[in-house]
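Dear colleague,

Please find below the structure that I am handing over to you. My notes on it follow directly after.

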Amino acid sequence: MKKALCVILLLIMLLTIIPLGASAALAKEKVLSTDIGCLVNMQPIYSFNVNNETYVVAEDLRSYGFDVVWEAKARTLSITSNNIPAQTILSKEQINILKTDIKTGVKLFDVYKTNIKTYIAGSEVVAYNINGYTLIKLADLSVYGYLEWDKDNKIASINVLQKSLDEAYEKAEKSEVIIKDYPLSLYGCLPTDVTYIGEVAGGVPNGIGKIHYDPGVVYDAAGAHWESYLGYFRDGKKDGRGIYRMYDRLGANRANSQYGEENYSNGLRDGYNITCFYSTLWSQTVFRGRKEGLYLDDKLNSPIVLHFDASFKFGFEIE
């Protein structure tokens, strides 16, 4: 009787330490620490090294513009893009980490084999179980976004918004219309007429479309300016998600460029927006970084300010 009781207790102990959905056998792979920064939809996310490739936790993606659905009966995990702006789950302390402070190649977890099937955009992908969570390869998200690798700064990223807009624009039935008195972002420029190319209804932009303004004006020996916007419109106004780009050069050693992932409602910024500022000036006091946060009726509330700095893991430091 005592022997039987000991066997039962041993089985209970084994069940409590083996992750859900895993077999008792360990896979040959191991999860290691890495100093590679990982961005999903421009936001920093924890990442890991498995076989010298970058992996992320599938369940974390719920905060980064993806739906992650667990079906217990079928034992499947399904990942799909939901087009919602990402907002990082990491804290300031977790983001402001110097690359030199990271010990790479340290074993973090054992990898368990699992009978759970993981799908991205309906296709099964390789996945691993660590402590009841699912690891997937960052590159497998490229079905939804552009996979980019910044070799100099060791940053791996996925940009879903750019790819989704490019694909929608490519498929769209396009027409050309003139938008009167379009407000330019360049300081000192008056509203001007610009050309819109994209979906049109009722003679005005409706659907996916692109604006590109380039007057071809040379301000001085090396000066130039252009700006563009690719996104969704309704009844002639920006409405939905879009990407803004601007470049302004005022001499050989002075330039300013911007990149923004924006959300609009009836022509006003609304929801979560990100604007990146890239400047090259002889002055070292010029802001280089990004500002982001929630907009309501075109007003930014409680902005988050990040300064670009390649010495940090994710390529920036939160102010």
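This is a predicted model: local features need pLDDT of at least 70, side-chain atom pairs count only at pLDDT 80 or more; totals for chains, interfaces and linings use all residues.

Residues are numbered from 1 along each chain as its sequence is written, and side-chain values use heavy atoms, with hydrogens and water left out.

Aromatic rings

A search of the whole structure gives 7 aromatic pairs. Rings of Phe, Tyr and Trp (for Trp, its six-membered ring) pair if their centres lie within 6.5 Å; planes under 30 degrees apart count as stacked, over 60 as edge-to-face and the rest as tilted. One of the pairs is that of Tyr196 and Phe233, which is edge-to-face because the ring centres are 5.1 Å apart and the planes stand at 75°. This pair links distant parts of the chain, since Tyr196 belongs to strand β16 (residues 192–201) and Phe233 to strand β18 (residues 223–234), 37 residues apart. Strands (E, at least two residues) and helices (H or I, at least four) are DSSP runs, numbered from the N terminus.

Are these two residues buried or exposed? Tyr196 is buried, at a relative accessible area of 0%, and Phe233 also counts as buried, at 5%. Here buried means under 20% relative accessible area, exposed over 50%, and partly exposed in between (1.4 Å probe, protein chains only).

A further pair, Tyr278 and Phe308, is stacked, with 5.2 Å from centre to centre and 15° between the planes. It too links distant parts of the chain: Tyr278 is in strand β22 (residues 271–280) and Phe308 in strand β24 (residues 299–308), 30 residues apart. Tyr278 is partly exposed, with a relative accessible area of 34%, and Phe308 is partly exposed at 22%.

Tyr196 and Phe233 also belong to one aromatic cluster together with Tyr229 and Tyr264. The ring of Tyr229 has the charged end of Lys238 over it, 4.0 Å from the ring centre. Lys291 likewise lies over the face of Phe277, at 5.8 Å from the ring centre. A charge sits over a ring if NZ of Lys or CZ of Arg is within 6 Å of the ring centre and within 35 degrees of the ring normal.

Two open sheets

In what order do the strands of the sheet that holds β2 and β14 run? The order is β3-β2-β14-β13, an open sheet of 4 strands with mixed pairing. Its edge strands, each pairing on one side only, are β3 (43–44) and β13 (146–150). Two strands pair if DSSP finds at least two bridges between them. Strand β2 (residues 37–40) and strand β14 (residues 155–159) run parallel and are joined by 4 bridges; Cys38 stands opposite Ala156 in β14. Helix α3 (residues 160–171) lies across β13 and β14, at about 35° to β14. Axes are lines fitted to C-alpha atoms, for helices over the stretch in contact (heavy atoms within 4.5 Å), and angles run from 0 to 180 degrees between N-to-C directions.

The other open sheet also has 4 strands and mixed pairing, in the order β6-β7-β9-β10. At its edges are β6 (66–71) and β10 (123–125), each pairing on one side only. Neighbouring strands of this sheet are turned by 30° against each other on average, direction ignored. β6 and β7 pair in the antiparallel sense over 6 bridges, and Phe66 has Ser81 in β7 as its bridge partner.

Individual residues

Glu176 lies in strand β15 (residues 175–182) and is exposed, with a relative accessible area of 57%. Not counting residues up to four places away in sequence, Glu176 touches Thr195, Tyr196 and Ile197. Glu176 and Lys210 are 34 residues apart in sequence and 9.8 Å apart in space, C-alpha to C-alpha.

Thr134, in strand β12 (residues 133–137), counts as buried at 10% relative accessibility. With the same exclusion of residues up to four places away, the residues that Thr134 touches include Val56, Leu77, Thr118 and Tyr128.

Asn83 has a phi near 65°, a positive value in a residue other than glycine. Asn83 lies in the loop between β7 (76–81) and α2 (92–95) and is partly exposed at 40% relative accessibility. For Asn131, phi is near 55°, again positive in a residue other than glycine. Asn131 is placed in the loop between β11 (127–130) and β12 and is partly exposed, at 48%.

Yours sincerely
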